[in-house]
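Student: I'd like a close look at a single part of this structure, with a few other details around it. Please take your time over it.

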Amino acid sequence: MIDAQTQDALRKRFNPDGSQLRFHQLRMLDMLAYFDDLCRRHGIKYWLSSGTLIGAVRHGGFIPWDDDVDVEMLRDDYERLITVFKKEPDPKFILQTHCTDFYYFQPFAKLRDPNSIIKETGTEVDRFYKYRGIFIDVFVLDPSSSRRVAYIAHILHNSLILNRISKIKRPALRLVYYKTVYGALHKLLFPTIRFFMKIGTKDRLRHTLGIGFFGERFYHELFPLKTVLFENLTLPVPNHYDSLLRRIYGNYMALPSLDTIDCHITELELE
């Protein structure tokens with residue numbers, strides 16, 4: 001973990017108390033506390049990932065300039081999470097999937113705060129979403145024997161949905177196109193590919209097909225999970241998080257050039 005003096009300097013520069021970013025982070029922390037409690041009560045395994053995991057290890061919480069939260073889980077736990085959320089809905093949060101938000105096309109879920117609206121930098125991927133509030137990304141991992149196949153699936157997903165849907169101006173035509181293409185990819189092609197991708201995995205996992213992150217995770221590297229302190233919460237992380245982070249990010253304990261840092265979120269509105 002970085003020293004307290006450096007951490008204090010970063011906080012003052014990027015997310016001092018009372019700033020919009022710190023308010024955003026504290027709202028996500030409340031959401032993470034709810035998510036953790038829900039998963040613990042139902043025996044659903046998840047862990048901090050990506051920048052959120054780096055933040056936990058390097059900063060003891062949020063990376064000072066970070067404006068999102070990433071968690072991961074295996075597919076069985078992901079499906080159970082969806083089922084549990086249907087049975088125990090909470091008026092303060094929405095689990096955004098294609099089933100709860102028709103035009104939400106991502107192959108993973110987002111836990112959303114429906115009482116806020118955010119605008120992400122340089123993208124209109126959420127233009128047709130029903131829910132656009134503060135979120136936690138809930139990524140699902142599948143056995144994956146081929147990085148190349150995962151990359152091709154990502155290209156298909158982006159070219160046929162992400163880069164196409166906003167260009168169709170007529171709502172009726174957009175609806176027919178989206179429903180047909182989404183169904184072909186996510187209900188037929190990708191499940192079939194996932195079935196064959198289980199062969200020869202040697203406990204190798206990747207984000208589910210359609211996502212543009214291809215870094216490998218290994219079952220033996222993840223489990224059994226352990227916990228670390230994240231802000232004021234004790235949360236699960238991979239057992240061998242150091243080897244995982246070094247393989248994907250290199251020297252993750254070194255700070256990046258602070259003058260090149262940009263936040264994803266440019267606007268935040270509360271309802």
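Which helices do the buried residues of α1 pack against?

Tutor: Happy to walk through it with you. This is a predicted model, in which local features need pLDDT of at least 70 and side-chain atom pairs count only at pLDDT 80 or more, while totals for chains, interfaces and linings use all residues. Residues are numbered from 1 along each chain as its sequence is written, and side-chain values use heavy atoms, with hydrogens and water left out.

The buried residues of α1 pack against α2 (20-41) and α3 (50-59); contact here means heavy atoms within 4.5 Å. Helices (H or I, at least four residues) and strands (E, at least two) are DSSP runs, numbered from the N terminus. Helix α1 spans residues 4-14, and its buried residues are Gln7, Leu10 and Phe14. Seen down the axis of α1, these buried residues fall within an arc of 65 degrees, so they line one face of the helix. That arc is taken from the directions from the helix axis to the C-beta atoms. An α-helix has 3.6 residues a turn, so residues three or four places apart point the same way. On the other side of α1 you will find Ala4, Gln5 and Lys12, which are exposed. Buried means under 20% relative accessible area, exposed over 50%, and partly exposed in between (1.4 Å probe, protein chains only).

Look also at the start of α1: a side-chain oxygen of Asp3 comes to within 3.2 Å of the backbone nitrogen of Gln5.

From there, move to α2, one of the packing partners of α1. Within α2, Arg40 and Asp36 sit four residues apart, about one turn of the helix. Arg40 forms a salt bridge with Asp36, with the closest N and O atoms 2.7 Å apart; the term means a side-chain nitrogen of Lys or Arg within 4 Å of a carboxyl oxygen of Asp or Glu. Asp36 is buried, at a relative accessible area of 10%.

The structure holds 18 salt bridges. For another pair set within a helix, turn to α8 (residues 241-249), where Arg246 and Asp242 are four residues apart, about one helical turn. Their side chains meet in a salt bridge (3.1 Å, N to O). Arg246 is partly exposed at 38% relative accessibility, and Asp242 is partly exposed at 32%.

Finally, Arg75, Glu79, Asp142 and Arg194 are linked in a network of salt bridges.

Methods:
Polar contact = N/O pair within 3.5 Å; in protein donor to acceptor, adjacent residues only side chain to side chain.
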